[in-house]
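Please open the model in a viewer and keep the selection panel at hand.

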Amino acid sequence: MQEKIDIAKLGGVEEGKPKKPRPKLPRKEIACQDPKERIKNFNEVALGYTPEEAVYEAMRCLECPRPRCVVACPVHIDIPTFVGLIARGKFAEAAKDIRKYNSLPAVCGRVCPQENLCEAACILNDTNPGNPVAIGRLERFSADYLLSKENGNSVTPQIIHKTPYKVAVIGSGPSGLTCAAKLAKMGHTVHLFEALHKAGGVMMYGIPEFRLPKEIVQKEINYVKSLGVQVETNCIVGKTVPIDEIMEEYDAVYIGSGAGFPNMMKIPGENLGGIYSANEFLTRVNLMRAYEFPKTATPIRKPKRGVVVGAGFTAFDVVRIMLRLGAEHAEIVYRRTRKEMPGRGEEIEHSEEEGAVIRELTNPVRFIGDENGFVKAVEVQKMELGEPDSSGRRKPIPVPNSNFIIETDLVVIAIGQTPNVLIPSNLKGLSTRWGSVINVNRETYMTTVPKVFAGGDAITGAATVILAIRAATEASSAIDNFLRDPQRKWYPPEISEKR
Amino acid sequence: MFEIVSKNVLAENVIEMTFIAPRIAKAHKAGQFLILMNYEHSERIPLTIADSNKETGEVTIVFLVVGFSTKELAEKFNVGDKLYSVVGPLGTPTHIEKFGKVVVIGGGLGVAPIYPICKSLKEVGNEVISIIGFRSKDLMFWKERIENVSSKTIVTTDDGSFGIKGFVTTALQKLYDEGEKIDRVIAIGPPIMMKNVAKMTEPWKIPTWVSLNTIMVDGTGMCGGCRLEIGGETKFVCVDGPDFDGHKVNWEEMEIRMKVYKTEESLILKDHQCKIGLK
């Protein structure tokens, strides 16, 4: 049963009455665990809005007739509508409305870089700079509300028309789950394959509990399952089941296998004990819950002085985990400056509040081991910025004779991931670039192999959750068109003759 | 899924376990491994597949009780119980072709994974000479099984309680001295044994392949925890291996990387002995 929401008491819009927006009120901050406390636990840092706070924030929205936020959202969530529903006390309905566009709202409300997308476009910035409607927090609030009411038992939306078509989706990360959910809603039979023992991909192994609780991820997956998607974990396509068999059995295949292969520095000493790829460090901590060791069985080396190489999302997650594992000192070593850091503003801020140190213009040249083969120091060199490179950022150049030593007992290399070669190397005729990034037609998401589509990080290299969701959303429409096309026309990507 | 259908104690701390995993049984080729988990929050344990049956969907592993998770598997799981997760087959299968005369060496637990390799080698017409080594007669297992897929089987024991007294390398040296023309050596066992075999065959210029069992998490090339220098290049054992040219392996690095969690391992064993009553 729905609990009764007294919207008048919460300061919202009562039934049958017009909304009087309050855009001039300051944006409602989200309550966070105190930095001193939170580095002692893995619980979520941002605590989420209370109903009062959500209604307050929703009342700030003008519900523009031509909303710029919707244009800026990669999946074009109808933001004024869902925010309006929150202002009217219809919290569950708000989340259900978001689900029309995005099957993972509780995830996106937490990890989407709204400050560069919907919130950057919000009209309130024009008159009250830096005070856009907190769209992400409202998305999270309504999604959490709905998930808690559903309690793992989502009510399956009426699936209008069951088609005879079967689609295999490879990978259960943001892109695979989204594609599977959309196709299921369109009436197709969907089988989702996951290599690990838990579905969720990067949301389970990559993003830490304190930014994205795993229970939330599993609830979102339960919703996708409630749409009729069959999820098979422990199944590696190309190993456990041959790709040929998948190709025979299904009318279409969607590859959403992400970017799970770690880039390494390739400098001396990198194979010493105590040096991890970000993937290994994060998988042990997040998926295998090594932070609860020995209650759980997967170990992790606990640092005293941790060093993270790189400054993307992942690097900040790693440095914050190091502090939570009890590091006295944990630092980011980055070859460029703060200005070029790809990490999200909020994450950088949270990391520094927690005591992380950022060392700019520094790059490791080798790792030095102790007598037992464990890392004890990193030799680094100073860098300076030269001309912009292909990424548009100024290229770091080593400063001669500037080497020095940083003592450490744990190093994590977080300099990016590329897609795994497993599927490309097992699927004949699949065109890739840079060895493993799958080439697709950017309109149809078709690969060079008939009936095989791809999306997410598998076609771009490591990017964000929301971009993977956008690709999957667009690909699901393309797959639907293809399945319903009697001629099954194929529009592969144009591949230049040169490699 | 993953229901245990048989469990035998082959020797002290050596357990043979067979469970139902039809997809793995169907896809398995000699030299591949799997990763299993006891419970939801258990470790992912990589184990070489010792046998499989496509018809019944059964997969057999043989494991040594070495640490907390294998101890838990040995003590808490019996016929009828289900494993939380099993995934595979992982890794690149052992390269099988007609080489001529192949000496296949299994040391201790390594005797189990050489069984499917001997079988496959024999099927394509190789002459297979097996050398299986144990610390003593009490720890010997699968002798008949290996004999069935080999043209000749030599047993060694460290203490001389059965077969030749000495190590597998004692028997290998003997074969070489007797003038056997060996086209290839395949060795699976403890790192020190594989290293010694590789060092022995290097001056003889006999291609020698070993199967490495490094620490890993996912087994699909994602974590890189299994990485090791092979021929001057870093390789991932889980996807590039587990079989490598024994003459190219950096054995010193292998030794270091195997010991990375020694401290933590003793911690969890101690912790759980008091709490859940593992012996």
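Predicted model: local features only at pLDDT ≥ 70, side-chain atom pairs only at ≥ 80, totals over all residues.

Residues are numbered from 1 along each chain as its sequence is written, chains are lettered from A and ligands numbered from 1 in the order in which they are written, and side-chain values use heavy atoms, with hydrogens and water left out.

Select chain A and chain B. Here 44 residues of chain A are in contact with 47 residues of chain B (contact: heavy atoms within 4.5 Å). The area buried between these chains is about 3,600 Å², 57% of it from carbon and sulfur atoms (buried area: the accessible area, 1.4 Å probe, that two parts lose on being put together, summed over both).

Next, display Glu232(A) and Arg23(B), which form a salt bridge with their closest N and O atoms 2.8 Å apart (salt bridge: a side-chain nitrogen of Lys or Arg within 4 Å of a carboxyl oxygen of Asp or Glu). The rule finds three salt bridges across this interface.

Now select domain 1 (7-150) and domain 3 (264-415) of chain A, with bounds from an automatic or database domain assignment. Their centres, taken over C-alpha atoms, are 34 Å apart. The contact takes 13 residues from domain 1 and 12 residues from domain 3.

Finally, show Arg38(A) with Glu353(A): this salt bridge has its closest N and O atoms 2.7 Å apart.
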